[in-house]
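I am looking up the aromatic rings in this structure. My notes follow the model.

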Amino acid sequence: MEVKELELQSEKSRMRLIETVYKAKAGHIGGDLSCLNVLTALYFDIMHVWPDKPKESKRDRFVMSKGHCVEALYVTLEAKGFISRKITDTLGEFGSILSGHPTIEVPGIEVNTGALGHGLSVGVGMSIAAKMDAADYKTFVLMGDGEQGEGSIYEAAMAGNQYKLDNLVAIIDRNRLQISGTTKEVMSLESICDRWTAFGWDVIEMNGDDMADIVKTFKSIDYTNQKPHLVISHTTKGKGVSYMEGVAKWHHGVPTAEQYDEAIREISGRIEKIEKDYNGK
């Protein structure tokens, strides 16, 4: 897809996310919004996945290690065709297959996640399996920056280097906010680049709020360099809803009716503008 098409899709998913969280009356909306551009780029331009064949052996694998932001994944899976709008609308209802964290009951989800720090280890295992089977698929793991305080991540980082997993891409959603404050206040992460480089990873930084840079970055990855890849995605918590952007309290939260209407107006305006620009009107 062209960058403008991806931007449009991301805004449509952003709209759907606000609707979904508002209806369910629960959701980690700030982190959902900060990673939505990356999810859109992965599912609509970078990864090889097929909604009609969710278990196709040649598919790329995606692991949502920051599992509390599953709402962003649900609306992306809906947009891609893995699940229907009707299913997404059941989030928060008794008997729904959609939970507050990813589960394998949902088509397109590879593994249950939610206990922070575990996703990269799973991704390492998937990448080793691909090497053992001489398979071409890639594995992508999305982590939170607050999640970087989990020690198991660094065990996985050592293993990724040990086994030369150049088919593995880990992504840190670097929005600088977690549930109890800024990452600098809670557990400083700098320098992330130096830390992961020391572990033997190929480290790349990108603007995760900019679709063109996201696509450019993912397409620049060298899958033959015998190093696992870390993409530091610099983002804004609550991206795309002005009153949520950079505000820690929106780590988890549901808009009021007035806030919901304001968010929908903002996003609708951007959708209209992108459509006009794209169509040359």
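**Aromatic rings**

I looked up Y154 and found a relative accessibility of 14%, so Y154 counts as buried (buried is under 20% relative accessible area, exposed over 50%, partly exposed in between, with a 1.4 Å probe and protein chains only). The model is predicted, so local features need pLDDT of at least 70, side-chain atom pairs count only at pLDDT 80 or more, and totals for chains, interfaces and linings use all residues. Residues are numbered from 1 along each chain as its sequence is written, and side-chain values use heavy atoms, with hydrogens and water left out.

I searched the whole structure for aromatic pairs and got nine (rings of Phe, Tyr and Trp, the last by its six-membered ring, pair if their centres lie within 6.5 Å; planes under 30 degrees apart count as stacked, over 60 as edge-to-face and the rest as tilted). Y22 and Y260 are stacked, because their ring centres are 4.2 Å apart and their planes are at 20 degrees. I noted that this pair links distant parts of the chain, 238 residues apart. Y22 is partly exposed at 23% relative accessibility, and Y260 is buried at 18%.

I then checked Y154 with F199: the centres are 5.8 Å apart and the planes at 20 degrees, so this pair is stacked. F199 is partly exposed, with a relative accessible area of 22%. Y154 and F199 also belong to one aromatic cluster with W196 and W201.

Last, I looked for charges over rings (NZ of Lys or CZ of Arg within 6 Å of the ring centre and within 35 degrees of the ring normal). K53 lies over the face of W50, 5.5 Å from the ring centre. K138 lies over the face of Y223, at 4.8 Å.

Conventions:
Helices (H or I, at least four residues) and strands (E, at least two) are DSSP runs, numbered from the N terminus.
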